[in-house]
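Let's learn to read a protein model together, one feature at a time.

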Amino acid sequence: MAFDSSKYTKIKGFTVPKSFRPAPLTAEAKEWFYGRTILPAAIAYMRFQGLDITVEGAENMPTDGGAMVAVNHTSYFDFIHGGIPAYLNGRRLVRFMAKKEIFDNKIAGPLMRKMKHIEVDRFAGRGAYEEAVRRLRAGALVGIFPEATISRSFEIKRLKTGTARLAHDAGVPIVPVIMFGSQRVWTKGHKKHLGRVNVPIWIRVGEPIRTTGDAVADTQTLHDAMAEQLASLRADYIDRYGDAPGAYWMPASLGGSAPTLEEANEMDEKLRLERIAKRDAQRIREGKEPLGDTANGAGRGGDGDGGFGDGGGNGYAAPGSGSGSASDTGAGSDTGDGTAPGTTPAPRED
């Protein structure tokens, strides 16, 4: 269906449907550092970049109570863009789960803590899991990238079950958020564009998903919903802005030069093994026993993929079999090392 601009308007510089009615400001809107300082600065930076951001479905963001905000992951800026729908609906704030390395940074760490994001140790995630459940039960929106790392193929990767388990343990819904276009600003393996880029980004929020307690089935439900949303959004994006055959930011399935999902998975696995080798080399230098590749070891989570174990560590063991080792939610994603210039340092391109 062709995009009808007459049915859209601008709110805070973002294009939204005229039918969208923002909720009254929530208590979080008064939070001076994150809500009244960092986010306005980030939005000003988006305007400087010339980003044309369309947001649909912001009304699906709860205006009170907790929820897992599950965002697809294609860009280093996803944790900024992924919080826009909640900001538009009552100025709610999303507390993203981010890898420990960011919090260890002497500049980024204090800022992340001040914004109340959640620190995750890739290899020991029990504490982060329990903290996320506590926050959700207290009514927070917790952001997560269930794919764990950036999707080089710009398709929805295999999801980790931690998102479903967190939501079920906390008794909150999962709100799927799909974006397309953010990979044109800065994605893994490609040049970053931090100046004026005039790139269109489209964000679409799906209806909340209630969990059943079966983490595997709930994860499949989430995957299906996100994949369906992405397919629809990409088609609308191309219809509105035109096709880009051969473009690095376009999926191979749509004629782009991005790697296929299978090729991207191979690249990710190679990086995972390199990360394990680096970790074990450090342990040996410290006189500790190397842990090796424990991705399939019973009772442990996977190695450095940022979540909370399912027992087998691959994100698909029986619900409840894992109790907090690092393997499975996406908290150790590639995102979170950088915000708008002057707020946190930029992430490494690895």
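**A helix wrapped by its neighbours**

Helix α7 is largely enclosed by the rest of the structure, because 7 of its 9 residues are buried. This is a predicted model, in which local features need pLDDT of at least 70 and side-chain atom pairs count only at pLDDT 80 or more, while totals for chains, interfaces and linings use all residues. Residues are numbered from 1 along each chain as its sequence is written, and side-chain values use heavy atoms, with hydrogens and water left out.

Q: What does buried mean, and which residues of α7 are buried?

A: Buried means under 20% relative accessible area, exposed means over 50%, and partly exposed is in between (1.4 Å probe, protein chains only). Helices (H or I, at least four residues) and strands (E, at least two) are DSSP runs, numbered from the N terminus. In α7, the buried residues are G162, T163, A164, R165, L166, A167 and A170.

Q: What covers the buried residues of α7?

A: Contact means heavy atoms within 4.5 Å. The cover includes the strands β4 (67–71), β5 (94–99), β7 (141–144) and β8 (174–180), along with α6 and α8 (215–241).

Q: At what angle do α6 and α7 pack?

A: Axes are lines fitted to C-alpha atoms, for helices over the stretch in contact, and angles run from 0 to 180 degrees between N-to-C directions. Helix α6 (residues 126–137) and helix α7 (residues 162–170) pack at about 50°, their axes 9 Å apart. That makes α6 oblique to α7; under 35 degrees counts as roughly parallel, over 145 as roughly antiparallel, 65 to 115 as roughly perpendicular, and the rest as oblique.

Q: Which residues make the contact?

A: From α6 come Y129, A132, V133, L136 and R137, and from α7 come R165, L166, D169 and A170.

Q: How should I read phi, and where does A148 lie?

A: Most residues other than glycine have a negative phi, and most peptide bonds are trans. A148 lies in the loop between β7 and α7, and it has a positive phi of about 80° although it is not a glycine. A148 is buried, with a relative accessible area of 2%.

Q: What about K116: which loop holds it?

A: K116 lies in the loop between α5 (108–114) and β6 (118–120). Its phi is also positive, about 65°, although K116 is not a glycine. K116 is partly exposed, with a relative accessible area of 42%.
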